[in-house]
Amino acid sequence: MAIGDLLKSLGQGIDRGFTKIGGYDPSQQVSPEEAFRRKNIGIENLQRTLGRSAAIMSGDPQRLALAEKREQQAKQDRLLQELGKDPRYAEQIKLLKAGLDPSAFAPKTSKGPSSYEEYIRTDSTPTEAEYLAFLERQKKAGATKINLDQKRDTIFAQEAAKAGFATKKEVDKQITQDKQLLTRIKMSKRQLLDGVKTGKVEEFLMPFKEFAVGIGVADEETVKNLGQQELFQATTNFLVPRMRVEGSGSTSDMEIELFKSAVPNLGRTSAGNLVVAGGIENLVEYNIKRQRLMDKYLQENKNLLGFGEYADKELGPLYKSYSSDNEFDTQVKKGILKEGDFVYDAINRQFRVLTKEDVS
């Protein structure tokens, strides 16, 4: 009985040894079938180890290569056995055991877009459904971004259009007022070019002339000149109150004098009045041209962004000029300079209005 127990104990020890050689824990409780399988793996490992040792001791390269091949095959078999427990790999393992390449029997799939490389960084084992869901999310995210950009551009365009039309409204209002002044300014300028006399002396003598005409003792020339001077003064009286900014409240006497000095008036010299009238006329006409250009620009662009640079380029300088007698003569011959033009005389460094004598 003792011998039987000894042999049984030796057998169990050998079984545990083979199980440990197979890479498993001998103390682990498993089914008899699994314990038998593990023991066989241990025996196979021991056989390969002994075979490899014998090959090394023999020094035969062929035996060494064969032992190495058997070792690799054993590792592959163990891996296949482990994978065989997972149903997902059952078909591939069958093909491998049959000596076939599983990739040859895999379903053909088209190459995904480049965003696939981005996706597999977040999921290394994507299913087709998961990948399609990812693409749909990317598409929506892209659409959202595009919509936000488009919305931002739309808001910008709307605000630019509003600002453009608001500016145009203010310009139109100002031009309407300026056109009323322009008619009277042109009238005063024409009178000055035709020789109406103005200045401090004429302003001082005007009440006496009016008295002489009133009692019938004035000559024809005096009556004629007085009529032109009264018309000139009436024009000044029309212009002065319209120089006040609308909504600015009541106007003081000092402001009245300032406004009067800004327009042609009887107390200023004829030459001075001519320059003032010519300057106002030139400025208003320039602004009218700019307004027309603004209409066209706003209609084409739906806003006034960049209009300032465009208008300056299209219209050129506010006033004409010349810097030598030669240049003056050339511009007169070409019709660029003519009677009544408001110009800057760079020779004498002054603004002036060209007369008939200047251009003849």
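Helices (H or I, at least four residues) and strands (E, at least two) are DSSP runs, numbered from the N terminus. On that basis the chain has 13 helices and three strands, and Gln229 is placed in helix H8. This is a predicted model, in which local features need pLDDT of at least 70 and side-chain atom pairs count only at pLDDT 80 or more, while totals for chains, interfaces and linings use all residues. Residues are numbered from 1 along each chain as its sequence is written, and side-chain values use heavy atoms, with hydrogens and water left out.

**Burial and surface**

- Of the 360 residues of the chain, 24% count as buried; buried means under 20% relative accessible area, exposed over 50%, and partly exposed in between (1.4 Å probe, protein chains only).
- The chain has an accessible surface of about 25200 Å², and carbon and sulfur atoms account for 56% of this; the areas come from the Shrake-Rupley method with a 1.4 Å probe, and for residues only the protein chains shown count as cover.
- Gln229 counts as buried because its relative accessibility is 1%.
- Phe208, placed in helix H7 (residues 200-215), is exposed because its relative accessible area is 53%.

**Contacts and nonpolar cores**

- Contact means heavy atoms within 4.5 Å; among contacts in the chain between residues at least 6 apart in sequence, 49% join residues at least 24 apart.
- Leaving aside neighbours within four places in sequence, Gln229 is in contact with Val196, Lys197, Glu202, Met206, Lys209 and Leu266.
- A nonpolar core is a set of buried Ala, Val, Leu, Ile, Met, Phe, Trp, Tyr and Cys residues joined through side-chain atoms within 4.5 Å.
- The largest nonpolar core consists of eight residues: Leu181, Ile185, Phe238, Leu239, Val240, Phe259, Val263 and Ala277.
- Helix H6 (128-193) and helix H8 (220-239) are the elements that give two or more residues to this core.
- Not counting residues up to four places away in sequence, Ile185 touches Leu239, Pro264, Ala277, Ile280 and Glu281.

**Aromatic pairs**

- The whole structure holds eight aromatic pairs; rings of Phe, Tyr and Trp (its six-membered ring) pair if their centres lie within 6.5 Å, and planes under 30 degrees apart count as stacked, over 60 as edge-to-face and the rest as tilted.
- Tyr297 and Tyr310 form a tilted pair, at 5.1 Å centre to centre with 40 degrees between the planes.
- Tyr297 lies in helix H10 (residues 270-301) and Tyr310 in helix H11 (residues 307-315), so this pair ties together parts that are 13 residues apart in sequence.
- Ring pairs link Tyr319, Phe342, Tyr344 and Phe351 into a cluster.
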